[in-house]
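Me: I'm new to this one and would like a close look at a single part. Could you walk me through it slowly?

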Amino acid sequence: ESLILDYNGQPVIGFIHKSNDEIKIFRKNGGNWSQESVVSGQTEDDVALAREGNNELVFFFDADERGLALATKPISGSNWSVSLIDTASAVVGDQPRPRVAADGTLHVAYVDISRSLIKYGVRTPGGTWELSEVTPDFEFNPTTIDLALDTLDQPLIAFRDAFVDSIFLAEWNGTAWESDLVEGESADFTGVDLNLVISDLNSPW
């Protein structure tokens, strides 16, 4: 499930309804909750919500297409528009982690399961998606990831590698992604969630 606040500061919750693997949205307006479906007639997983200007965004793994998808809707609208971001691999789009920069640029990190790697996508307002591979094929087993933007809106991605039970931090150096070990095998991170935050001094935590 995923939670954001709308432009009035009211909660919006997205989750997968397990009876039919459909994305449901619950939103609070005043004291009442309303419910809607994002898409129907297909199977989804790993939902993540975001808000960009006057648009609500739902990133998810489309299990039918086996790719990363994005549903968008104006806050005042009633219909969701769905597009595919990445279907370049057999199974890609797990664990989407979206972030929206101050200028409206969309960032999303996600996992390519079939190649056991992390991918990253960026789209400027009015532009098209630019995709890159954060880690090499099968070098890591990224079971938990998180994405954050630094004070210059540059992406950083933290991930847990289940191969060696360690945490790594990936940073974009301007031309390529670099991954550094944060914490090694001395600790047991099995099953632990991962949250990446950036301090006001631009330090990752």
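How many bridges join β1 to strand β2, and do these strands run parallel or antiparallel?

Reply: Four bridges join β1 to β2, and the two strands run antiparallel. Before we go on, keep in mind that this is a predicted model, where local features need pLDDT of at least 70, side-chain atom pairs count only at pLDDT 80 or more, and totals for chains, interfaces and linings use all residues. Residues are numbered from 1 along each chain as its sequence is written, and side-chain values use heavy atoms, with hydrogens and water left out.

Now the strands themselves: they are DSSP runs of E at least two residues long, numbered from the N terminus. Two of them count as paired if DSSP finds at least two bridges between them. Strand β2 covers residues 11-17, and within it V12 sits opposite I4.

Step back and you'll see that β1 and β2 belong to an open sheet of four strands, in the order β1-β2-β3-β4, with antiparallel pairing. Its edges are β1 (2-5) and β4 (32-37), each pairing on one side only. From one strand to the next, the twist averages 20° (axes are lines fitted to C-alpha atoms, and angles run from 0 to 180 degrees between N-to-C directions).
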